[in-house]
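Student: I would like to learn how to read aromatic pairs and helix packing from a set of coordinates. Where do we start?

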Amino acid sequence: MTPDELATVLRQNAGNNPARSAAVELLVWHDYWIRRMAFYPEKHYVDRHGDVDWVELAQAVVRDEFHASTSELKILSIACSLVGTLAVDLRDCVTGLGPATLGRVLTAVAQAAGRPEVFSA
């Protein structure tokens with residue numbers, strides 16, 4: 001499955017759940033994780049139907065199983081947090097993010113809260 005195909009399936013699977021939609025959109029926008037999930041689904045808890053096991057993914061973050069940059073891990077942690085599978089310290093997660101990334105995170109938080117109109121990056 002290509003990254004674009006996976007993004008489409010993840011969006012469909014998120015359905016009308018604002019938190020899942022926000023998490024998926026954050027990963028799609030950031031691009032790094034969606035590519036890794038597409039090319040290595042077995043390592044990123046994506047089944048053949050394009051469903052993410054968010055609980056297992058969050059546990060893998062806690063176990064420090066991923067080799068990625070600090071900002072890439074922050075994005076994945078925030079995405080897991082949006083769906084409620086990982087508690088994060090927002091101060092730690094947003095510190096050091098660039099303006100575009102921070103704006104996208106704020107957009108995702110507003111979307112997860114069901115208020116996408118509040119902040120749009």
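Tutor: Start with accessibility: buried means under 20% relative accessible area, exposed over 50%, and partly exposed in between. This is a predicted model. Tyr32, at 24% relative accessibility, therefore counts as partly exposed.

Student: Is Trp33 buried or exposed?

Tutor: Trp33 counts as buried because its relative accessibility is 1%.

Student: How many aromatic pairs does the structure hold?

Tutor: Ring centres must lie within 6.5 Å to pair, and planes over 60 degrees apart count as edge-to-face. The structure holds two such pairs. Tyr32 and Trp33 are edge-to-face, with 5.0 Å centre to centre and 85° between the planes. Trp33 also pairs edge-to-face with Phe66, at 5.3 Å centre to centre and 70° between the planes.

Student: Which parts does the pair of Trp33 and Phe66 tie together?

Tutor: Trp33 lies in helix α3 (residues 32-39) and Phe66 in the loop between α4 (54-62) and α5 (70-82), so the pair joins parts 33 residues apart in sequence. Both residues of that pair, Trp33 and Phe66, are buried. Through ring pairs, Tyr32, Trp33 and Phe66 are linked into a cluster.

Student: At what angle do α4 and α5 pack?

Tutor: Angles over 145 degrees count as roughly antiparallel. Here the angle is about 140°, and the axes are 10 Å apart. That makes α4 oblique to α5. Their crossing is left-handed.

Student: Which residues make the contact?

Tutor: From α4 come Trp54, Leu57, Ala58 and Val61; from α5 come Leu76, Ser77, Ala79 and Cys80. By class, the residues of this contact are seven nonpolar, one polar and no charged.

Methods:
Residues are numbered from 1 along each chain as its sequence is written. This is a predicted model: local features need pLDDT of at least 70, side-chain atom pairs count only at pLDDT 80 or more; totals for chains, interfaces and linings use all residues. Side-chain values use heavy atoms; hydrogens and water are left out. Rings of Phe, Tyr and Trp (its six-membered ring) pair if their centres lie within 6.5 Å; planes under 30 degrees apart count as stacked, over 60 as edge-to-face and the rest as tilted. Buried means under 20% relative accessible area, exposed over 50%, partly exposed in between (1.4 Å probe, protein chains only). Helices (H or I, at least four residues) and strands (E, at least two) are DSSP runs, numbered from the N terminus. Axes are lines fitted to C-alpha atoms, for helices over the stretch in contact, and angles run from 0 to 180 degrees between N-to-C directions. Angles under 35 degrees count as roughly parallel, over 145 as roughly antiparallel, 65 to 115 as roughly perpendicular and the rest as oblique. A crossing is left-handed if the near helix is turned anticlockwise from the far one by less than a right angle, and right-handed if clockwise. Contact means heavy atoms within 4.5 Å. Ala, Val, Leu, Ile, Met, Phe, Trp, Tyr, Cys and Pro count as nonpolar, Asp, Glu, Lys and Arg as charged, and the others, Gly among them, as polar.
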